[in-house]
Each structure stands twice: as structure tokens, then as C-alpha cells.
Amino acid sequence: MAEGTETAKRIAVVAMDGSKHSDIALNFYVQNVYKENDEVIVMYCVHHKAQHKYESKWMPVDPNIIVHKYHEETAKGEEICKGIKEKLDAYQVGGKVMQLEGGDPGHTIMKKIEELGASLVVVGSRGHGTLRRKILGSVSEYILHHSPVPVFISRH
């Protein structure tokens, strides 16, 4: 390369949740977006729901149940991340997998994207209709509307 024409290394984030839709998004990234010098970071967010499932104002629960569920969710996330790393290795693109802990996956992933100074984001979409997305929420839609960098949404 001629002096002064080097391009900055891109930080490419692929947000995955362990679903077939996120597998499609990773494949889309590798086939259509990946460049040899990309720093590939795959993010998986463990959404700890245990504290919301078992306790209410009217029926308190043993804190040990919540701790146990929290650890179960973390262990499940570790297994998913191990599978994601195997897929990255199979694609031979290098990169790393980050397991994020937090509440809302969209917000947690966006916070990390901003911290890393990502250049682009790739997410999958389950293809829910408008009403269902509004009721249940959509991580891909959240990222699309809050990202300061280009977002690729892969849909089967």
C-alpha cells in the first residue's frame, strides 16, 4: 500500500442469540460483509429473567431459587457462546465471542457497541409482524433505531 492510504481496521459486531436466525445473520456477514482485516466480535447477551419470574409483592420466594436460576442462565449462555465460537472457527474468520451480562439485550449490546467503537453491526431478525414486535419488543429493531453505525439486518 502506498503511504497514507491504509484503511482503518473495522470492528464488526455480530449480535447473536443462539437461534437459527442469528446463525443466518452470521452466515450473511461472512458471505457478504466480511473483509480480511475485520476485527470480528460476536456478542451474546444473557438476559437474566430469574429475578422477574418467581417473586412478587404477594408471594416472596426463597432467594436461593433466584440465585440458582441466575447461574443456570449464565451456564446456558456459556454453552451457546461455545457453539458460536465453533461456528466462527468453521468460517475461518477469527474473531472472538463476548458473553454480556445484563438486563435488556438491546440496550446491553448497544452500550458495548459504543464502548468498542464498532464500525458496523449485523443482527438477525425473526420476522415477527409489527404488532408482535411492539408487544414483545425486538432486539434487532432496537439496535437499528439506536445504533450510531450502519446496521445490517439479515432475514432468512
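Because 6 of the 6 residues of β4 are buried, the strand is largely enclosed by the rest of the structure.

The model is predicted: local features need pLDDT of at least 70, side-chain atom pairs count only at pLDDT 80 or more, and totals for chains, interfaces and linings use all residues. Residues are numbered from 1 along each chain as its sequence is written, and side-chain values use heavy atoms, with hydrogens and water left out.

The protein has 6 helices and 5 strands. Helices (H or I, at least four residues) and strands (E, at least two) are DSSP runs, numbered from the N terminus. From that end, the elements follow the order β-α-β-α-α-β-α-β-α-α-β.

The 5 strands form an open sheet. Their order is β3-β2-β1-β4-β5, with parallel pairing. The edge strands, β3 (96-102) and β5 (151-155), each pair on one side only. Two strands count as paired if DSSP finds at least two bridges between them. From one strand to the next, the twist averages 25°. Axes are lines fitted to C-alpha atoms, for helices over the stretch in contact; angles run from 0 to 180 degrees between N-to-C directions.

Individual pairings can be followed across the sheet. Strand β1 (residues 11-15) pairs in the parallel sense with β2 (residues 39-47) over 5 bridges. Within this pairing, A15 stands opposite M43 in β2. Helix α1 (residues 20-33) packs on the sheet and touches β1, β2, β4 (120-125) and β5. Contact requires heavy atoms within 4.5 Å. The direction of α1 makes about 140° with that of β4. β1 also pairs with β4, in the parallel sense, over 4 bridges. A12 stands opposite L120 in β4. β4 and β5 run parallel and are joined by 5 bridges. V121 has V151 in β5 as its bridge partner.

The largest nonpolar core holds 18 residues. Such a core is a set of buried Ala, Val, Leu, Ile, Met, Phe, Trp, Tyr and Cys residues joined through side-chain atoms within 4.5 Å. V14, Y29 and V42 touch the most other members. At least two residues each come from β1, α1, β2, α3 (63-91) and β4. The largest share, 5 residues, is supplied by α1. Leaving aside residues up to four places away in sequence, V14 touches L26, Y29, I41, V42, M43 and V122. A second, separate core has 17 residues, including I11, M98, I113 and V121.

T108 lies in helix α4 (residues 105-116). This residue is buried, with a relative accessible area of 14%. T108 touches C45, L100, E101, G102 and G103, again not counting residues up to four places away in sequence.

Overall totals complete the description. Of the 156 residues of the protein, 35% count as buried. Among contacts with a separation of 6 or more, 75% involve residues 24 or more positions apart. The protein exposes about 9,800 Å², and carbon and sulfur atoms supply 52% of that area. Accessible areas come from the Shrake-Rupley method with a 1.4 Å probe; for residues, only the protein chains shown count as cover.

Notes:
Buried means under 20% relative accessible area, exposed over 50%, partly exposed in between (1.4 Å probe, protein chains only).
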